[in-house]
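Here is a short briefing on a protein and its ligand. Have a look at the sequence and the model first, and then we can walk through the contacts together.

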Amino acid sequence: MATTSCDVAIVGAGLGGCFLALLLGRRGQRVVVIEQGPSVPSAGADFLKPPGLRVLARHGLADLVGRNGLRRDTIRYYHDGDPIQEIRFPDGGFLIRPYRELVELIYTSCAMAGVEFWFDAGIDDLATGEGRPAELTLHDGRRLHAGVVIGADGTKSAVRQALAIEQCTMPYERVLMRVATVPLSASVAQLNRLYFSSDGWFTYFYPISRDEARVFVGLPPEDDKEIFQDGIPALLDELKKFVTDSSDTFNHLQAATWQRIKVSSLRVEAYHRGNAALLGSAAFACHPMTGMGMSYTLRDAEILADVICAAGGDAELLDRLLYARYEPRRHAHRQLIDYGDALAATFRDRASYLAAFRPDLHIHGEACAVPDAPQLV
Ligand SMILES: Cc1cc2nc3c(=O)[nH]c(=O)nc-3n(C[C@H](O)[C@H](O)[C@H](O)COP(=O)(O)OP(=O)(O)OC[C@H]3O[C@@H](n4cnc5c(N)ncnc54)[C@H](O)[C@@H]3O)c2cc1C
């Protein structure tokens, strides 16, 4: 089997992997992205908040992702049926765009930056060593020599395992999540509404296109079997207890297909080893109530691209730069994960939730949460 050489091998073609590939490709790096699926991932996040939009704008991608996407500027929160707060996002608000569409736009831009994608290609082995290129062996026997390896391969990262980096996964066991796509109703077209109940339920209604809406339902695991086995009447009975301004959506729930989603937080002990580093969900995962995973991942990819280009192929310098400029990202991620934990732990109780809630973080992102990482160069 042939051996290919490149400057940077990125494992995983999700948002993190594709965006980093684009930044590096534009700066003349030879990049190969290895993706186990037949194309970019089809399921994932829907909201890109202002900090992530600002990152994309810095790289001339704002128009591309904004075109045909939905813009919203308000989220209204309810508790046991009462409106309790509203956050307004200034300057064009945030973007709603199904994950696959967003990633595909970045992926398509990669072609002009000369990035090579190998789909249906998982890794069998990754060998990294002091100061020498990494060697990846793929399932089909192909080999890839890379000056830098990035694990952007999601929460179960094979790169992280190959690097023997310890991780801690904590499932959010008190709430089980279900999601369905339904026809758009007038109330959802009007406003994004997120409802919480003191019984440990929540539900979020928002549009994903001009004629479709997404409905998330979170519920105590002990209720899930009963509710989703007994069928939609039982679900509607529960929702009617705390959903007050979205009843025009109830009819649409009758025919919905509910997909179950498991959500966990993830923390890891290190973000790199020598010339290999982790990005996005391979490095951290927070509760989706923060709505910030993609924004932080895009910023991380920006930092990684700068570090890799600044190292210029010098393995020792790369290691130092990753320590100095990329490892400190763990502090920002830890704060975000802690924040997501706090939201998930308090939403049943109105006062505790409002005390934990940080509108500034949703609007401005980490700029208001953490100091900048120290710079080495
Ligand atoms: C339910 C839920 C809702 C969310 N909502 C939001 C939101 O609204 N806003 C927001 O900002 N964030 C949200 N997030 C977080 C967001 O989804 C992540 O931050 C983002 O997807 C991270 O992208 P990624 O590229 O790291 O990972 P992924 O998108 O998971 O991509 C990983 C890629 O690696 C591939 N892969 C895996 N293993 C291998 C292997 N061994 N070899 C080759 N390829 C491999 C996978 O097939 C996949 O394509 C949400 C998360 C969840 C769980």
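How far does a backbone N or O atom of M294 lie from an oxygen atom of the ligand? In this predicted model, the distance is 2.8 Å. The points below take you from the ligand contacts to the surrounding shell, and then to a pair of helices.

**Contacts with the ligand**
- M294 reaches an oxygen atom of the ligand through its backbone, whereas Y99 uses a polar side-chain atom, which lies 2.4 Å from a ligand oxygen.
- G291 contributes a backbone N or O atom, 3.4 Å from an oxygen atom of the ligand.
- On its own, the ligand has 1000 Å² of accessible area, and the protein covers 82% of that.

**The shell around the ligand**
- Two elements give two or more residues each to this shell: α1 (15-26) and α10 (293-311).
- The largest share belongs to α10, with four residues.
- There are 31 residues around the ligand, and those that come nearest are E35, F47, Y99, S281 and M294.
- Sorted by class, the shell holds 16 nonpolar residues, twelve polar ones and three charged ones.

**How α10 packs against α11**
- Helix α11 spans residues 315-326 and packs with α10 at an angle of about 150°, the two axes being 9 Å apart.
- Angles over 145 degrees count as roughly antiparallel, so α10 is roughly antiparallel to α11.
- Which hand does the crossing of α10 and α11 have, left or right? The crossing is right-handed.

Methods: Residues numbered from 1 in each chain as written. Predicted model: local features only at pLDDT ≥ 70, side-chain atom pairs only at ≥ 80, totals over all residues. Heavy atoms only, no water. Near = heavy atom within 4 Å. Polar contact = N/O pair within 3.5 Å; in protein donor to acceptor, adjacent residues only side chain to side chain. Areas by Shrake-Rupley, 256 points an atom, 1.4 Å probe, with all protein chains shown as cover. Nonpolar A, V, L, I, M, F, W, Y, C, P; charged D, E, K, R; others polar. Axes fitted to C-alpha atoms, helices over the stretch in contact; angles between N-to-C directions. Parallel < 35°, antiparallel > 145°, perpendicular 65-115°, else oblique. Left-handed = near helix turned anticlockwise from the far one by under 90°.
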